Amino acid sequence: MKLGNLIISGIVTGSIYAAFAACVALWYRVSNILNLAVGDFAMIGALGVDNLVRVHHWKLAPAIAATLGAVSLGAYLYDRIVLSLAQDGRTRQEGIVVTFFFTFALSFFLEGIAELLYGTDVHAAPAIWNGQSLSLGGGLHVDRAGVLVVAFAALVGVASVLVLRGTLQGKAVEACGENFFGARIVGIDNRKYRRLLFILSALLACVFGILESPITGYTYDSGAAISLTGFIAAAFAGFQKPGKAVVAGLSIGIIEALLGGYVSANYADTILYALLAAAVLIRPGAMGLDIVPE
Amino acid sequence: MPRSWTPRAGASAEPVGESASALAISNLSVTYGRVAAVHDVSFEVAEGDCVALIGPNGNGKSSIVMGIAGLVHRRGRVEIFGRPAPAGDVSFMPRHGFTLVPERRQLYPQLSVADNIVLGCFGRTRSLRRARASEAHRQALELFPELSGRMAQKAGTLSGGEQQMVAIARGLAADPRILAVDEPCLGLAETVSRRVYEVLRRIHESGRTLLIVEESPKRALQLADRQVEVRNGVVVRA
Amino acid sequence: MSGRRRWLGTDRGPLLSTAFVLVAGLIIAGGSANSYFGSVVILALTYAIVTAGMAVQIGFSQQVVFSQSVFMGLGAYGVAVLNGKVGWPSLLALVVITIASGGVAWVIGKAVSGASGLALAVATLMFPLIAFGYLSYANWLGGSIGLPLTGTLWPGGSATANGILTVVIVAAVVFATTRLVASDIGLEMYTLGVSENTAQAMGVRTSRRRLELFILGSVLATLGGAVYAGTQLFVPPTLVQATAELSLLIMLFVGGRRSVLGAVLGAVGIQYFTGISNTISVHILLIEGVLITVVLLIEPDGVAGIVSSLWRRAAPRLPFAELVATDAAYVPTPGLGQGEEAGISGELAVAEETQTSAFRRHFAARRADEAAATTTLLEVRGVAKEYGGLVVLRDIDLTLPERGIFGLCGPNGAGKSTLLGIVGGSIRPSAGTVILAGEDITALPAAERFDRGVSRTFQAVRLIRGRTVLDNVAVACLRSQRSSLLRGIVISRLPRARADAMEALEYLGLGELAHREVGSLTLETQRMVELARAMASRPSLLLLDEPASGLSEIQRERLRELLRAIGEVTCVLLVEHDLDLIAAIAERILVLESGALVFTGTGEEFRSSELVNSLLIGASPTTTPGGEQ
């Protein structure tokens with residue numbers, strides 16, 4: 001059943017877009033920076049684990065741990081060195097430059113590292129849950145990796161909601177997004193949350209990359225497209241509401257799959273991007289993009 | 001956290017030590033870029049005092065309290081109960097017993113009233129359970145009966161006066177020994193302002209130290225033991 | 001030292017930059033076009049055409065877009081198709097494609113012109129992906145391999161000839177862009193980039209300028225691509241990739257994003273290093289990522305910025321001090337403390353009628369006009385404003401004559417700034433009409449109200465940092481609102497605007513400060529400059545938003561005298577918290593509370609009103625601390 005399977009695969013990629021969109025939106029609320037490097041962390045996760053397992057013959061579990069560890073360290077250092085200087089230091093930057101260009105540069109830096117370490121071929125992390133794709137009846141199939149991806153996304157989603165609504169720290173994060181100054185009044189240090197959420201986004205992206213790569217395969221520049229799509233999904237929520245971002249991400253994933261299945265495999269993504277760009281240009285107000293970041 | 005958080009009940013019975021100084025400000029300066037908003041300001045606030053910081057708008061009063069709270073970059077020395085406060089650490093003052101109710105409230109509009117208030121406890125604890133169970137939190141809620149039905153409402157939908165109540169409740173939730181209030185009646189009608197000052201009086205009578213920033217001093221001077229006048233970023237009279 | 005010097009009727013800066021590029025380029029192209037070095041430079045120059053446009057668009061006017069590589073591809077592929085497939089001469093193809101790209105950019109730009117900075121940036125971020133995605137599978141365009149050309153720009157294939165042609169094109173582009181940046185339109189664009197609202201309040205037609213900017217940047221990128229095709233003879237799809245866009249951005253940022261010359265040299269430098277070192281080109285992504293981060297953190301204006309600040313410190317009077325950055329040259333003065341500012345005399349020149357500048361004559365005539373005090377200028381009828389459910393203003397009626405000072409006060413949140421915004425045009429009322437000199441201006445945006453004589457200052461000082469006092473005031477004197485962007489390349493009306501601005505500054509006694517950079521001034525002086533800017537357009541209605549905020553007692557006295565003089569020649573609506581100030585100079589005072597006008601009366605009535613006293617406690621001079629000193 002072609003339509004059903006397309007929708008399922010759309011949900012799988014859509015969950016990733018949704019997760020990334022939520023990360024971008026949440027982090028923007030706390031830091032006022034748009035994370036354009038999200039997808040590249042996914043790529044590093046996938047290629048890093050693949051490299052350790054296939055080339056250096058590590059076992060899967062330590063390979064995953066090492067990659068995640070390296071990425072956390074990298075994210076921490078990036079925030080500590082670059083973002084702190086950019087936002088807190090004497091050379092404070094304002095406006096659209098900070099919002100975009102730093103993570104834009106980071107994205108290419110990560111691609112450069114990946115190209116250096118892993119070459120230009122397509123690779124994928126070893127599947128965690130091996131086996132044939134599962135049959136859901138009625139001709140519907142889903143890859144096991146896909147199940148993992150959706151399950152992980154759902155898990156993260158539920159956990160985030162619980163933490164944000166149910167703990168004081170979570171409310172503090174929301175407060176940062178609601179009123180930057182008001183958060184500082186009660187002693188909330190936005191910088192710490194900026195750092196924490198950045199590292200968490202990077203880790204999450206990594207895990208998604210590891211889980212999803214067996215389905216499509218990654219190469220050193222796969223990250224950019226994913227970053228951008230997740231980013232646009234977040235844009236649909238005006239970079240403010242993680243909930244809306246999730247819905248947008250899922251929808252985009254499904255549309256992408258449908259375009260690929262019914263219109264043209266080669267041009268599916270291109271058409272999708274054109275539609276997204278048009279949506280942003282024609283109705284920016286609907287996406288809350290008529291605010292200028294300051 | 002450096003000290004345990006004991007809920008207070010009424011006037012302080014703690015031994016005071018050598019000086020009864022709750023806040024000692026020396027040579028405080030606050031600059032925004034090239035503009036020096038506050039120049040070399042020094043004054044002291046004794047425990048249990050109510051001090052009014054008065055002077056025309058734009059002359060540095062808000063900058064002084066924000067500098068004390070550590071919210072803006074400052075130079076100079078701020079001591080709270082004898083302890084020097086490091087500049088740049090926004091959590092130090094709430095942890096050591098000083099909270100600020102800022103100008104124009106600065107609430108979290110999409111969060112509920114209850115959430116806004118409980119976040120005031122952030123300076124003292126990171127546990128939601130402990131915050132909700134704390135004595136100070138309960139007292140803050142008691143002080144404002146007009147909020148009782150509105151706990152679940154989004155703070156942004158309340159009237160100006162109600163928002164001011166929430167802001168004060170948030171300030172009290174951390175059980176501060178010193179409460180600073182910046183322009184409590186900004187944009188509020190006369191009757192509401194009276195109610196706000198009623199609350200402030202009760203807070204003062206329960207033993208807390210108050211620092212009130214006011215442009216129109218008539219109300220503040222009714223409550224205050226002392227006044228510190230600020231013009232052009234300098235203390236003119238204390 | 002006066003402002004820019006002019007040679008041959010044009011600013012020195014553009015001429016020197018162009019001469020430099022022309023001479024250096026011709027030497028290289030003429031001498032070593034056939035060598036590896038020469039070919040790298042020629043290639044770099046094709047990129048330089050694009051980065052020059054980016055310097056104007058992204059750096060100078062802060063319109064952040066990521067579409068240059070795509071337009072470069074448009075130019076390159078366009079010429080490749082017309083030449084390689086259709087058989088036209090490359091040069092003809094270049095001309096046709098470049099002109100056609102203007103149309104394409106216009107269409108896209110129109111779609112975009114309602115969009116703000118963020119939407120524009122986000123949307124154009126997708127362009128490289130779309131273009132590359134299409135090109136990779138478009139067999140008629142060579143697919144993932146690319147298209148070859150059959151003829152070079154200068155027919156005959158001679159590297160030297162093509163090199164010289166490229167240099168000439170680049171020099172022309174440098175000339176045009178540097179002249180544009182130095183012109184009055186350039187000042188508009190710079191102001192627009194810093195703050196769209198401020199620009200609109202000064203009469204700048206911001207949407208039109210933004211569209212023109214987008215078209216300019218896109219056309220130049222197309223031209224660069226066309227020259228690329230005509231000199232390299234092969235067009236690959238990697239030209240439009242996101243990585244290509246990144247490379248362009250690197251060239252711009254490292255060279256100097258606000259400097260055209262810097263952008264050109266940046267392109268040459270980056271291409272050179274990439275070309276000569278295999279290591280660098282292999283690791284290019286990594287290096288570029290680090291490079292752009294470092295530049296942003298350390299010196300946002302890139303190499304041009306570094307050179308510029310060093311040069312200024314060492315030799316501010318030498319010509320090249322202006323070359324590498326587009327800031328107006330200024331001589332920084334060591335910071336003065338609070339208090340008296342050198343350059344402001346205690347007396348104001350306003351009262352003197354013996355001077356004969358056009359400015360003074362205009363205002364002298366107004367002062368002499370007897371009827372002005374009674375002729376109605378402004379009518380506000382039934383104006384209301386609500387945001388969602390919140391009512392900020394309700395049913396406001398007021399009438400103001402052509403002359404006089406009128407105070408507007410009330411507790412914070414009462415709606416004073418909103419009312420000012422509605423009269424000024426930055427806020428649309430929910431109901432009611434605003435009539436100026438008999439014309440219903442309710443639907444007119446701020447920029448058009450500026451043309452009709454409405455001028456305002458802001459609560460927080462809104463001067464343009466990095467430019468002189470003179471230029472800041474000149475923004476209000478531009479009179480270029482109806483001109484197209486291209487006119488700025490041909491003729492600059494900036495000198496005349498600066499002359500008008502100088503008259504306004506001297507009127508207020510600020511003449512000596514004309515060439516100081518605004519960031520170095522005290523708050524009082526900045527407010528005075530803002531006032532000068534507001535007066536420079538010779539407004540009939542002046543809207544002042546808390547001009548005394550942050551000023552000392554002595555400074556307020558000076559302000560009082562100044563406002564009194566201004567009130568004799570124009571209509572002033574003054575929002576203020578300082579009730580003494582208002583009561584002293586306003587002939588009529590209006591009080592707002594919770595969005596409604598609750599009191600209208602003279603200063604006397606104001607002081608003795610019960611309502612006012614209870615509303616604005618401390619209103620009476622006897623209870624304001626230190627009021628009677």
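Me: How many residues does the contact take from chain C, and how many from chain A?

Reply: The general idea first: two residues are in contact if their C-beta atoms, placed from the backbone, lie within 7 Å. Here the contact takes 31 residues from chain C and 40 residues from chain A. On the side of chain C that touches chain A, the elements giving two or more residues are α4 (90–112), α5 (117–125), α6 (127–137), α11 (242–255) and α14 (284–298) of chain C. The largest share of that side, nine residues, comes from α14(C). Helices (H or I, at least four residues) and strands (E, at least two) are DSSP runs, numbered from the N terminus.

Me: Which classes make up the side of chain C that touches chain A?

Reply: Ala, Val, Leu, Ile, Met, Phe, Trp, Tyr, Cys and Pro count as nonpolar, Asp, Glu, Lys and Arg as charged, and the others, Gly among them, as polar. By that scheme, the side of chain C that touches chain A has 24 nonpolar, six polar and one charged residues.

Me: What should I know about the model and its numbering before going on?

Reply: This is a predicted model, in which local features need pLDDT of at least 70 and side-chain atom pairs count only at pLDDT 80 or more, while totals for chains, interfaces and linings use all residues. Residues are numbered from 1 along each chain as its sequence is written, and chains are lettered from A and ligands numbered from 1 in the order in which they are written.

Me: Where in chain C does the pLDDT fall below 50?

Reply: pLDDT is the predictor's confidence in each residue, from 0 to 100. Where pLDDT is low, the predicted coordinates should not be read in detail. Chain C has a mean pLDDT of 82, with 88% of its residues reaching 70 or more. Over residues 320–355 of chain C, though, the pLDDT is below 50, and this stretch has 78 contacts in the model beyond near neighbours in sequence. Residues 617–629 of chain C also stay under 50, with 25 contacts beyond four places in sequence. For the model as a whole, the scores are ipTM 0.84 and pTM 0.83.

Me: What domains is chain C divided into?

Reply: Domain bounds come from an automatic or database domain assignment. For chain C they give domain 1 (6–321) and domain 2 (355–615). The centres of these two domains of chain C, taken over C-alpha atoms, are separated by 42 Å. Their contact takes 25 residues from domain 1 of chain C and 27 residues from domain 2 of chain C. On the domain 1 side, α7 (159–182), α8 (184–194), α9 (196–201) and α10 (206–232) of chain C each give two or more residues. The largest share of this side, eight residues, comes from α8(C). By class, the residues of the domain 1 side divide into 11 nonpolar, eight polar and six charged.

Me: How do I read a sheet, and in what order do the four strands of the open sheet in chain C come?

Reply: Strands of a sheet pair through backbone hydrogen bonds, either parallel or antiparallel. Two strands pair if DSSP finds at least two bridges between them. In chain C, the order is β6-β5-β8-β9, with antiparallel pairing. The edge strands, each pairing on one side only, are β6 (390–401) and β9 (439–440) of chain C. Strand β5 (residues 376–387) of chain C pairs with strand β8 (residues 431–436) of chain C over five bridges. Looking into β8(C), you will find C:Ala431 as the bridge partner of C:Ala384, and C:Val434 as that of C:Val380. Two bridges join β8(C) to β9(C), where C:Ile435 stands opposite C:Asp440. The hairpin of β8(C) and β9(C) has two residues between the strands, and C:Ala437 takes a positive phi near 50° there.

Me: Why does B:Val45 count as buried?

Reply: A residue is buried if 20 or more other C-beta atoms lie within 10 Å of its own, exposed if 12 or fewer, and partly exposed in between. B:Val45 counts as buried because it has 25 C-beta neighbours inside 10 Å. You can find B:Val45 in strand β2 (residues 35–46) of chain B. Leaving aside neighbours within four places in sequence, the contacts of B:Val45 include B:Ala22, B:Leu23 and B:Thr209.
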